[in-house]
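I am opening a notebook on this structure.

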Amino acid sequence: MELERILAEYVVEGKYQELPTNTIEHAKNVLLTIFADIIAGSNADGCQAALDQAVEWGGKKEATILIHGIKLPALNAAFVNAVMARALDFDDSMEPGMHIGASTVPTALAIAELTEGCSGEEFLASLVFGTELSAKLNLSEHQYDGFDPTGVCTIYACTAIAGRLMHLNSNQMLNALSLAFNKAAGSLQSNIDGSLAVRLIQGFVAQNGVMCAQLAKRGLTGPRNFLEGAWGYFHLYGKDKSEPKSVIDKVGKEFKLTEALFKKYPSCGGTLSSTDAILELIHQHDLTPKNVARIDIEVTPYIYNLVGKKFEIGSNPKVNAQFNIQYCVANALLRMSSKLQHFDEEAIKDHRIRDISQMIFVSSNPDLERRGHTALNMQVETQNGEIFCKSVDIARGFPGNPLTKEEHLQRFRDCIAYEPEALPPHKISRLISIVDRIETLTDVRVLIPLLLKEAENG
């Protein structure tokens, strides 16, 4: 139980003043990213249905559905906001596929409303210490082995954030986290099959994080050895291949959350190297759909299984496209960029995409694992027989190849342009300004009106 208690105390007792500047800046980038994603994804497939169902569930008016302005119980507000945040798959994540901010930010906002506010410093501290918990517990792709890292691991961050903002003591936090262990779930089959469950899992994580914190505050208990126990996390998910003590190495001194990635393009992280590579070759060699004869792409086995199969349009075209290398490369070759509107159904069903995708061949190469999670080899053969090659080890936005501050802002502006009617311009500029200085706020609830479409009309 030592490890579990150390982590519970770490989350409860960590101080804002202990946080390095880069972790604070990281948290601000996450906030800007998720606010943009919620704005742009507020009307995406499945979001209205999730909202309608949550409204039908009813309950106390504790927290706000952003953009729409409806108040619901905190756990259901967190659920809907997280679904919207993940809907366009443009949110932050961590290898090998754990999406974090799309659940943690909605959780933190819902609890801030439920508990009648908190300071900007405490809000940031909760986000950082909670996120760091999941970052430390994150496993390898071989350990997850098809489990969705978001459903399995992000839930600890959401529970920790909710519990901290609800002022749980360390024993209550320990129980909250152990209850979260029993709520963890999710499979990457949702991504492969192109189902809306991908974004729903993001919502479940936020919803369950709130629920577990609330239950623990009521005195309900969970298995206290949920990490190191015989049937605990490191056995069931880590396959007994983790060194549990490494989780607490340098606790409070080094922060793994800054290893998260911020996407330059609005598709699965497993497609980003391919998009990077083809766009660079396009610009270097004036490639077009007319002068390209064949494109061969080698990726790691994990990436191949996730996004490397033949592109087919199913019942959810946006998800099919977001999680497919063939589509992302065909789109970049056709449109010489990768934008949110390129993942709308009309763009996806463009017959030219089908024709281009038929000359793109993706294969699995285990040797690439030595170079990294996003390693890739691409070879393009032109109609006149020329061969152009490109290798990528680290895709743009990943640790080691981060986005610039201007790229973060451009990404934000792209999201706003995608859904221009969601918020008026004056709210957008004020939102950016407040996020930049959020640590100075006495009550973070001032953010909520800025994220409501109809706030001016009450």
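Before the first entry I set down how elements are named: helices (H or I, at least four residues) and strands (E, at least two) are DSSP runs, numbered from the N terminus. The expected span of a helix is 1.5 Å times one less than its number of residues.

I note that the model is predicted, so that local features need pLDDT of at least 70 and side-chain atom pairs count only at pLDDT 80 or more, while totals for chains, interfaces and linings use all residues. Residues are numbered from 1 along each chain as its sequence is written, and side-chain values use heavy atoms, with hydrogens and water left out.

**Entry: helix α5**

I looked up α5 and found 14 residues, reaching 19 Å from the first C-alpha to the last, close to the 20 Å expected at 1.5 Å a residue. I then checked its cover, taking buried as under 20% relative accessible area, exposed as over 50% and partly exposed as in between (1.4 Å probe, protein chains only). Of the 14 residues in α5, 13 are buried. Just after α5, I found Glu116 with a positive phi of about 65°.

**Entry: Val105**

I picked Val105, which sits in α5 (residues 101–114). Is Val105 buried or exposed? Val105 counts as buried, because its relative accessibility is 0%. For contacts I used heavy atoms within 4.5 Å. Leaving out residues up to four places away in sequence, Val105 touches Val30, Leu31, Ile34, Phe35 and Leu127. Val30 is 75 residues from Val105 in sequence, yet their C-alpha atoms are 8.1 Å apart in space.

**Entry: the nonpolar cores**

I took a nonpolar core as a set of buried Ala, Val, Leu, Ile, Met, Phe, Trp, Tyr and Cys residues joined through side-chain atoms within 4.5 Å. The largest one has 119 residues, and those touching the most other members are Leu31, Phe35, Ile39, Phe123, Leu137, Tyr156 and Tyr233. Helix α2 (residues 21–41) gives the largest share of this core, 11 residues. Apart from this core lies another of 47 residues, with Ile295, Tyr327, Leu333 and Ala347 among them.

I followed up Phe123. Not counting residues up to four places away in sequence, Phe123 touches Leu31, Ala108, Leu109, Cys118, Ile438 and Val444.

I found Gln143 in helix α7 (residues 141–144), buried at a relative accessible area of 10%. Its side chain makes a polar contact of 2.8 Å with the side chain of Ser242. A polar contact is a pair of N or O atoms within 3.5 Å; within protein, one must be able to donate a hydrogen and the other to accept it, and residues adjacent in sequence count only if both atoms are side-chain atoms.

Thr382 lies in strand β7 (residues 376–382) and is buried, with a relative accessible area of 6%. Beyond four places in sequence, Thr382 is in contact with Leu287, Asn291, Val292, Ala293 and Phe388.

**Entry: backbone in the loops**

I looked up Pro96, in the loop between β3 (93–94) and β4 (98–99). The peptide bond from Glu95 to Pro96 is cis, with omega near 5°.

His167, in the loop between α8 (149–165) and α9 (170–183), has a positive phi of about 65° although it is not a glycine. His167 is exposed, with a relative accessible area of 65%.
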